[in-house]
Amino acid sequence: APYRAFAYLQLCGGRPYAECLGSAFSLSFSFKTKGAEEMGAFVKLLFWTDAGPIVGLLPPWHEKGDGRYRLVAFTSDDFPNKWASSADIMDDTWYHVRVDFADLGGTASASVFLDGSRVATGAVPVSVGGAQSGPQLGVYSFDLSTRSWPHDGFQLSLDDVCLGEASGACPSGGAVPAPEPTYEPQPTQAPAPTDEPELTEEPTEAPAPTDPAPTYDPEAPYEPQPSP
């Protein structure tokens, strides 16, 4: 049985895509894997029903892997035995995929780009203009290999999903930048009053003047003093 962990994208709020996407549109996303270089199972990453594979991950231990980990486009089946083109990739590295869809009235055409470089152009056997959901994005894998899955499992990280022209830097790396700290001056508090009395200096008065003590002269004539 296949392993399924993917989402059905809705690009027009449940209405037919021709009502809001016109005759052409772009869909893009970023992805990163961990453990794929130890696997033997092929993973369909972006597809439109079982009949419309668009992008997949072919690990090096797959029978057709040739010891290389590759992103493959427009595979012929779920094994896969053939594909239109491929590009070498690595684990623990962010990549950005863009798919340009055109001719939405019948069998649509799609061009796959990896980090801005064209990988392949192929057909998607779906009437995209009349679709109300799709494509599917995530992990869809038939493990037809004899190799065990990695001890720590397989991880797929997705980010930067965008309908139309992507803005900013893609891939963004999956990280949200932390806000820069801002300085806000804090009010200072007055010192708390204490119960200890304040020491003040009292003014001192100058001493009162005194009469000089009488002096005795033996040669001075005697002068009687009046009695009180």
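Visitor: Is Asp78 buried, partly exposed or exposed?
Guide: This is a predicted model, and Asp78 has a computed relative accessible area of 24%. Buried means under 20% and exposed over 50%, with partly exposed in between. Asp78 is therefore partly exposed.

Visitor: Which residue forms a salt bridge with Asp78?
Guide: The closest N and O atoms of the pair are 3.0 Å apart, and the cut-off is 4 Å. Asp78 lies in the loop between β5 (70-75) and β6 (83-88), and its partner, 34 residues apart, sits in strand β3 (residues 43-47).

Visitor: What is the distance between the closest N and O atoms of Arg15 and Glu19?
Guide: Arg15 is partly exposed at 43% relative accessibility, whereas Glu19 is exposed at 52%. The two form a salt bridge, one of 6 by this rule. Their closest N and O atoms are apart by 3.6 Å.

Visitor: Which residue forms a salt bridge with Asp100?
Guide: Asp100 is partly exposed, with a relative accessible area of 24%. The closest N and O atoms are 3.1 Å apart, and the partner is Arg98.

Visitor: Which residue's backbone oxygen does the side chain of Ser141 reach?
Guide: Ser141 is in strand β10 (residues 136-141) and counts as buried at 2% relative accessibility. Beyond its neighbours within four places in sequence, its contacts include Pro2, Tyr3 and Trp149. The side chain of Ser141 comes to 2.8 Å from the backbone oxygen of Phe42.

Key. Residues are numbered from 1 along each chain as its sequence is written. This is a predicted model: local features need pLDDT of at least 70, side-chain atom pairs count only at pLDDT 80 or more; totals for chains, interfaces and linings use all residues. Side-chain values use heavy atoms; hydrogens and water are left out. Helices (H or I, at least four residues) and strands (E, at least two) are DSSP runs, numbered from the N terminus. Buried means under 20% relative accessible area, exposed over 50%, partly exposed in between (1.4 Å probe, protein chains only). A polar contact is a pair of N or O atoms within 3.5 Å; within protein, one must be able to donate a hydrogen and the other to accept it, and residues adjacent in sequence count only if both atoms are side-chain atoms. Contact means heavy atoms within 4.5 Å. A salt bridge is a side-chain nitrogen of Lys or Arg within 4 Å of a carboxyl oxygen of Asp or Glu.
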